[in-house]
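Hello,

Please find the structure below, followed by notes on what was found in it.

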Amino acid sequence: MSGLARTLRLGVVLALTLPAAAVAAPRVSAPGNHDLTLTIGDRTRTFVVHVPPGGDARGPLPALVAFHGGGGDARGFQAYAGLDRVADREGFVVVYPDGTGPLPRRLLTWNAGGCCGRAQATGADDVAFTLALLRDLARELPIDATRVYVTGHSNGSMMAYRLAAEASPHVAAVAAVAGMMTLERIAPARPVPVLHIHSLDDPRALYGGGLGPPFPLTDVRVTHRPVVDGLAQWVALDHCAAEPQVSEVRRATARAGEHAATLLTYEPCAGDAVVAHWRLTGAGHGWPGSRSPLAERIMGPDTTVIDAAEEIWRFVRRFTRPDAPPLR
């Protein structure tokens, strides 16, 4: 049974109340959002898929897996990330998985290795879940296995790094926002292009590393890895130049002063890999280019100095994984 058939509860209800000829079950290839589930062992996991206009008529579709932040969920991340707008224009699928938590689609986290919450405490295998949902989705949509990309915010950024490290044959590039990798030792089977977006003034995922503030309404705190240390690890793994070049500088006027963004690139690298870093100043922990769903006193200032959704796609679309294993 396909992932779609397992999830379309509305279609089941209609089938019981209307003649068979009157029932037209939606297809995942239809443009728009599809709220899906996948059963792995004794656990049912949820995810949202956004399909661009034209669906499978476009031919093989790139896919961007987008992991929400700790305490969030797929729908909430979808609402503020701005990725659907870019996907509809550029023609790629966005997959928003849900992490795990004490309640269905509430207070969810990812097991990123050294973080976070219930997912880490229970040893949730979120790498296996992500690969399983991609395989399931590939039965419904013509997903291009050579163009699977991954992104995430905060704890989701950490999870994106874990997927890139432990499933590198499937990941053509990773773009991470406001959360450095927590795994201390990694040995990806393939070089992975990396884009990291992070503010020097992030009040939660501390740029320089160290013990961050408590999560809202809790006494739970997380120790963050310095951004430069995590980037240095990928620079070494991808055999890139040790010192970055300044490729671009942008500035924007903000309510409390000027924000800046400096694009640092570590090139050349082995093969087609690249390590790049948008280093922001003045901005907080939010997703650049959008308004944070949490208060500024928690997240720090929002910023428009770059649009994370646009910069993520501008980076990842350059890369393919020609030897990627098939998803089906």
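In these notes, rings of Phe, Tyr and Trp (its six-membered ring) pair if their centres lie within 6.5 Å, and the planes count as stacked under 30 degrees apart, edge-to-face over 60 and tilted for the rest. By this rule there are eight aromatic pairs. One of them is edge-to-face and consists of phenylalanine 67 and tryptophan 110, at 4.8 Å centre to centre with 75° between the planes. Because phenylalanine 67 lies in strand S3 and tryptophan 110 in the loop between S4 and H5, the pair ties together parts that are 43 residues apart in sequence.

This is a predicted model, in which local features need pLDDT of at least 70 and side-chain atom pairs count only at pLDDT 80 or more, while totals for chains, interfaces and linings use all residues. Residues are numbered from 1 along each chain as its sequence is written, and side-chain values use heavy atoms, with hydrogens and water left out.

The sheet

Helices (H or I, at least four residues) and strands (E, at least two) are DSSP runs, numbered from the N terminus. Strands pair if DSSP finds at least two bridges between them. Ten strands make up an open sheet with mixed pairing, in the order S1-S2-S4-S3-S5-S6-S7-S12-S11-S10. Strand S1 (32-40) and strand S10 (245-254) are at the edges with a single partner strand each, so one side of each has no neighbour in the sheet. From one strand to the next, the twist averages 20° (axes are lines fitted to C-alpha atoms, for helices over the stretch in contact, and angles run from 0 to 180 degrees between N-to-C directions).

Helix H4 (residues 83-90) packs on the sheet and touches S1, strand S2 (43-51), strand S3 (61-67), strand S4 (93-97) and strand S5 (143-153), where contact means heavy atoms within 4.5 Å. The direction of H4 makes about 155° with that of S4.

Strand S11 (residues 257-266) and strand S12 (residues 275-281) run antiparallel and are joined by seven bridges. Tyrosine 266 has valine 275 in S12 as its bridge partner. In the loop between S11 and S12 lies proline 268, and the peptide bond to proline 268 from glutamate 267 is cis, with omega near 0°.

Pockets and cavity

On a 1 Å grid over the protein atoms alone, a cavity is a set of points where a 1.4 Å probe fits but cannot get out; a pocket is an open set with protein on both sides within 12 Å along at least five of seven lines, and lining residues have an atom within 4 Å of a point. Grid points are joined across faces, edges and corners, and a volume is the space filled by probe spheres set on the points.

The largest pocket holds about 920 Å³ of space. It is lined by 36 residues, and Gly70, Gly71, Gly72, Phe215 and Pro216 are the closest to its centre. Helix H3 (74-81) supplies the largest share of this lining, three residues.

The second largest pocket has a volume of about 280 Å³. Of its 14 lining residues, Thr44, Gly99, Thr100, Gly101 and Pro104 lie nearest the centre, and S2 gives the most to the lining, with four residues.

One cavity of 30 Å³ or more was counted. The largest cavity contains about 40 Å³ of space, and its lining includes His198 and Asp202.

Backbone

Cysteine 115 and cysteine 116 are joined by a cis peptide bond with omega of about 15°.

Regards
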